[in-house]
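Hi,

Here is the structure we talked about. Please load it and read the notes below alongside it.

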Amino acid sequence: MRNKKVLAAGLAFCISLQGTVSCGQEEETEAVRVQVGVACYDQNDIFISELLECIEEEIGLLEEDSFQAAVTVRDGGGSQKIQNDQVEELIDAGCDVLCVNLVDRADPSEIIDLARENEVPIIFFNREPVAEDMLQWEKLYYVGADAKQSGVMQGELAADAVKENPQIDRNKDGKIQYVVLEGEPGHQDAIIRTENAVETLRNQGVELEKLSYGIANWNRAQAENRMLQMIGQHQNQIEMVLANNDAMALGALDAYKKLNRTESALPVFFGIDGTKEGLGAIQEKKMAGTVYNDKEGQAKAIAKLAKALVTGRGMENIEFENEKYIYLPYAKVTIDNVEEYIEK
Ligand code: BGC
Ligand code: CA
């Protein structure tokens with residue numbers, strides 16, 4: 001019974017691929033031409049713009065005589081409504097697979113409905129839909145990273161720094177006075193990063209005193225403003241800045257620069273992402289550490305999955321968690337290994 005089913009499935013597979021590849025033997029003629037539609041939440045986001053570059057590159061690298069891909073990128077500019085329209089246009093233009101970086105990760109239903117009606121699989125990335133929505137259709141996937149791991153790693157980096165450099169505790173009260181710069185409320189990476197960074201520092205025996213926090217929505221200019229306010233309130237009491245991403249850590253640095261604070265009055269700064277500028281700040285010793293958000297690995301996974309979904313080949317070589325999820329590991333970056341990441 002089981003064998004019969006397998007045979008039937010195999011036959012159906014051969015028939016569906018007729019004209020491109022015949023069963024068992026590759027045909028050199030006729031390439032598969034696919035259109036990949038990429039919809040992002042906001043192209044001004046530094047990490048997203050770097051990730052998009054990698055996605056285009058990785059899809060390009062998968063091209064061969066028998067597989068040609070054209071990538072179209074659309075920018076939702078921070079509006080879910082605009083993104084819904086863009087996805088509809090991408091589908092109308094004949095796209096074969098969608099890669100979607102949702103504006104509102106809690107509101108994917110319209111996009112899922114459109115995709116399902118047109119049988120276009122979706123790979124969500126970076127902004128993770130809630131688990132229930134991922135069950136709306138079997139052709140929904142997610143590529144990203146585990147927020148908790150990035151928080152733990154940031155906490156470990158900060159704990160190591162405190163142990164190696166006692167002068168970080170500038171007022172010598174045995175505690176580290178810190179502030180947090182948080183990403184967008186509701187984003188899977190914001191609160192979880194903060195909680196785990198702080199908890200890890202505590203578990204490692206570092207005494208902490210939270211002075212304040214500011215929400216800066218992943219954005220450098222907003223982080224500069226929030227940081228200026230916090231410096232206004234706490235002057236040079238701030239000994240550590242934990243930022244949910246590099247852009248905001250750099251914004252905090254901008255605030256100190258604007259106020260012309262001398263080096264000895266600066267806190268230590270920690271980010272997450274390892275963006276080009278973030279890595280540059282590590283190299284210049286302006287930022288003490290960051291956690292690498294593996295955009296190359298994520299892009300590779302997205303490209304490989306997209307190709308497998310449209311060609312129907314290679315799915316068995318992809319490892320999923322819970323059948324639909326791919327999480328790439330984070331990595332700690334300091335002055336000791338930053339060169340490795342700059343070369344990427
Ligand atoms: C990154 C942020 C980015 C956000 C966008 C996060 O994973 O660390 O830099 O702004 O994703 O969704
Ligand atoms: Ca202190």
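**What turned up**

N322 is exposed, at a relative accessible area of 68%. Keep in mind that this is a predicted model. N322 sits in the loop between α11 (295–311) and β11 (325–327). Its phi is near 50°, a positive value in a residue other than glycine. Most residues other than glycine have a negative phi.

K172 is another residue to look at. Phi of K172 is also positive, near 50°, and K172 is not glycine. K172 belongs to the loop between α6 and β6. With 66% relative accessibility, K172 counts as exposed.

Next, the metal site. Which residues coordinate the calcium ion (ligand 2)? The donors are D169 (OD), N171 (OD1), D173 (OD), K175 (O), Q177 (OE1), E239 (OE) and E239 (OE). Their distances run from 2.2 to 2.5 Å. Along the chain, the donors follow the spacing D-x1-N-x1-D-x1-K-x1-Q-x61-E. D169 lies in the loop between α6 (147–164) and β6 (176–182), and E239 in the loop between α8 (220–234) and β8 (240–243), so the pair ties together parts 70 residues apart in sequence. Both D169 and E239 are buried.

Last, the surface charge. E88, D92, D104, D107, E110 and E117 form a patch of negative charge on the surface. Two elements, α3 (80–92) and α4 (109–117), each give two or more residues to this negative patch. E117 is part of helix α4. Why does E117 count as exposed? Its relative accessibility is 64%, and the cut-off for exposed is over 50%.

Best wishes

Definitions and conventions. Residues are numbered from 1 along each chain as its sequence is written. Chains are lettered from A and ligands numbered from 1 in the order in which they are written. This is a predicted model: local features need pLDDT of at least 70, side-chain atom pairs count only at pLDDT 80 or more; totals for chains, interfaces and linings use all residues. Side-chain values use heavy atoms; hydrogens and water are left out. Patches are made of residues with over 30% relative accessible area and no salt bridge: like charges are joined within 9 Å, nonpolar side chains (Val, Leu, Ile, Met, Phe, Trp, Tyr) within 5 Å. Accessible areas come from the Shrake-Rupley method with a 1.4 Å probe; for residues, only the protein chains shown count as cover. A salt bridge is a side-chain nitrogen of Lys or Arg within 4 Å of a carboxyl oxygen of Asp or Glu. Lys and Arg count as positive and Asp and Glu as negative; His and the chain ends are not counted. The place of a charge is taken as NZ of Lys, CZ of Arg, CG of Asp or CD of Glu. Helices (H or I, at least four residues) and strands (E, at least two) are DSSP runs, numbered from the N terminus. Buried means under 20% relative accessible area, exposed over 50%, partly exposed in between (1.4 Å probe, protein chains only). Donors are N, O and S atoms within 2.8 Å of the metal (3.2 Å for Na, K and Ca); water is not among the atoms, so sites may look incomplete.
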